[in-house]
Amino acid sequence: MDVVAMILAGGFATRLRPLSYTKPKVLLPILDKPIIDYILEAITKLPISNVILSLRYMADLVKTHVEKNWRTLENKITYLIEDRPLGDAGPIVLANLKSLFTDTTILVINGDVFSNVDLEKVLEFHRKKGGVATVVLVEAKGDLSRFGVASLNSDSRITKFIEKPRGLVGRGFVNAGIYVFEPEIIKYLPKKLTCRLKISIDLIPKLLENCDVYGFVHRGYWFDIGTPEDYLRANIEALKYYYPNSKIDGEVDGEVISPCYVGSNVYIGKNSEIGPYTVILSGVKAEENVRISTSILLGNVLISRGTYISEAIVGEGVYIGKWVRIESGAVIGDYTYIGDYVYIGRNVRIGPHREVLESIYEENKILP
């Protein structure tokens, strides 16, 4: 049976700023490719009749990327442009109003999800259970208040679902942002769009009252790319998963401590040390005596001698002067200029296209 896939990629990604000032979340790379490419790769393994890309923020950038890199899907992709924030359930209503759904199963994927969820197994599970909906879940521990939390019975049916339970700390099954719906779920959504709609608030509770909803528990890796910290952690875990012994395409005239990813056309000068857990994308150039660890450097960064970077994210096209020190948690937006001898303190956020000539010692400072 064919499936209609919908990728939700219209959000502003405000918590990812300053990275999201210049590119939408789905185009942020994990190792060597954008998040959306991982999602589309997984989708192409399924019997897909149509792929609906729901876009709003920087929609043209996403559309241009997909048209250039996914020509094999060009006859199957429909772009749904949101004219205002719709939430994650609103695009389902909008697609139905535009008659984009046929009488077939609907696969909905949040565009900020990076995982190795086996979508074929999810669909197989959904059809075997025969419910109107399946929610992919992952087991999490710690602060669960940022997620939707589900309770399951012995048959994997969801018996209770609480969205972002305040103060809940512990272990539980949380919403992974991947859903399989039968077309009859449309009748539980409004016929018109008058406000933002959430799957977890405006749809799932109604389905639980009237239908069987099942939870597929995913045991592999899964990341919700909501913040720069999430983004760094996802890259580190992907690095450990795909390249535990490093992947070096560029030239490193110094020591590499695995695991590291070094893209093409990269040069790291002599007496330098990179790693562990460091991702350096194509076009980065660094002079001698540079130390980089547990960090992401997006493309075409230029680094002068003696610079130290630890547990930070450096955006595309950034210039870093000599003997600069960038501390843990710092995030530097695209095409920023950092002068010589500048110190960037812990958790400092610097927006794109800035010129930073003086040190920032204050922790958590934001230069938008």
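**Pockets in the model**

A: Let us begin with the second largest pocket of this predicted model, which holds about 450 Å³ of space.

Q: Okay, and which residues are closest to its centre?
A: The second largest pocket is lined by 22 residues, and those closest to its centre are Tyr 38, Ala 42, Ser 115, Asn 116 and Val 117.

Q: Which elements give two or more residues to that lining?
A: They are the helices α1 (35-43) and α4 (119-129), together with the strand β7 (113-115), and α1 contributes the most, with four residues.

Q: How does the lining of the second largest pocket divide into nonpolar, polar and charged?
A: In the second largest pocket, 14 lining residues are nonpolar, six are charged and two are polar.

Q: Switching over, what volume does the largest pocket have?
A: The largest pocket has a volume of about 1,100 Å³, and its lining is made up of 38 residues.

Q: And which of those lie nearest the centre?
A: Nearest the centre of the largest pocket lie Lys 25, Asp 88, Asn 110, Asp 112 and Lys 198.

Q: Which elements give two or more residues there?
A: For the largest pocket they are the strands β1 (3-9), β11 (169-181) and β13 (222-224), with β11 providing the largest share of the lining, four residues.

How values were computed. Residues are numbered from 1 along each chain as its sequence is written. This is a predicted model: local features need pLDDT of at least 70, side-chain atom pairs count only at pLDDT 80 or more; totals for chains, interfaces and linings use all residues. Side-chain values use heavy atoms; hydrogens and water are left out. On a 1 Å grid over the protein atoms alone, a cavity is a set of points where a 1.4 Å probe fits but cannot get out, and a pocket is an open set with protein on both sides within 12 Å along at least five of seven lines; lining residues have an atom within 4 Å of a point. Grid points are joined across faces, edges and corners, and a volume is the space filled by probe spheres set on the points. Ala, Val, Leu, Ile, Met, Phe, Trp, Tyr, Cys and Pro count as nonpolar, Asp, Glu, Lys and Arg as charged, and the others, Gly among them, as polar.
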